[in-house]
Amino acid sequence: MLLGRDLPDGPWTFRLTLRSGRVSHTATGTLTFPTKPGTWGPTASLPSTLTLPLALTVLVALVAAVILLLGFRRFRARRRSPATGPLHGDLT
């Protein structure tokens, strides 16, 4: 997209709202255009308030995945235990 020379490089603040049905999410941040045409400028930045909730969400998801994996392995080990004998359909 070509921008006019009279448009300042920034920094500009932006607000982006995405909606789908009843779900809506808004993000805000800053944007600075490069000084020379055809070059890369600094990346757009979001406020750091999004970092903590995102990090906590990832951490909770990882802990849940580890718990599920360990539970599944324990369940499978218990099913194949020699003390319980062969299961229906188990040929070993």
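These are my notebook entries on one protein chain and its predicted model.

**Entry 1: the outline**

I began with the secondary structure. I counted 1 helix and 2 strands. Reading along the sequence, I got the pattern β-β-α. Strand β1 covers residues 12-20, and strand β2 covers residues 23-31. Helix α1 takes in residues 51-79.

**Entry 2: how much is covered**

Next I looked up burial. What share of the 92 residues counts as buried? I found 1%. I then looked up the accessible surface, which comes to about 8900 Å². Carbon and sulfur atoms own 66% of that surface.

I also checked the contacts between residues at least 6 apart in sequence. Of these, 17% join residues at least 24 apart.

I turned to β1 and asked how many of its 9 residues are buried. The number is 0, so the strand lies largely in the open.

Then I looked at its pairing. Which way do β1 and β2 run, parallel or antiparallel? They run antiparallel, and 9 bridges join them.

Thr13 has Thr30 as its bridge partner in β2. Arg15 stands opposite Thr28, which is also in β2.

The turn came next. The hairpin of β1 and β2 has 2 residues between the strands. In this hairpin, Gly21 takes a positive phi near 65 degrees.

**Entry 3: a closer look at Thr30**

I stayed with Thr30, which lies in strand β2. Is Thr30 buried, partly exposed or exposed? Its relative accessible area is 34%. Buried means under 20% and exposed means over 50%, so Thr30 is partly exposed.

I also took the distance from Thr30 to Arg15. The two are 15 residues apart in sequence. In space, they are 8.9 Å apart, C-alpha to C-alpha. The bridge partner of Thr30 is Thr13, and Arg15 faces Thr28.

**Entry 4: a patch on the surface**

Last, I looked up a nonpolar surface patch. Which residues make it? I listed Leu52, Leu56, Leu59, Val63 and Ile67. Together they make a patch of about 490 Å².

I picked Val63 from that list and found its place in helix α1. Its relative accessible area is 44%.

**Entry 5: what I keep**

The pattern is β-β-α. The two strands pair antiparallel through 9 bridges. Of the 92 residues, 1% count as buried.

Technical notes. Residues are numbered from 1 along each chain as its sequence is written. This is a predicted model: local features need pLDDT of at least 70, side-chain atom pairs count only at pLDDT 80 or more; totals for chains, interfaces and linings use all residues. Side-chain values use heavy atoms; hydrogens and water are left out. Buried means under 20% relative accessible area, exposed over 50%, partly exposed in between (1.4 Å probe, protein chains only). Helices (H or I, at least four residues) and strands (E, at least two) are DSSP runs, numbered from the N terminus. Two strands pair if DSSP finds at least two bridges between them. Patches are made of residues with over 30% relative accessible area and no salt bridge: like charges are joined within 9 Å, nonpolar side chains (Val, Leu, Ile, Met, Phe, Trp, Tyr) within 5 Å. Accessible areas come from the Shrake-Rupley method with a 1.4 Å probe; for residues, only the protein chains shown count as cover. A salt bridge is a side-chain nitrogen of Lys or Arg within 4 Å of a carboxyl oxygen of Asp or Glu. Contact means heavy atoms within 4.5 Å.
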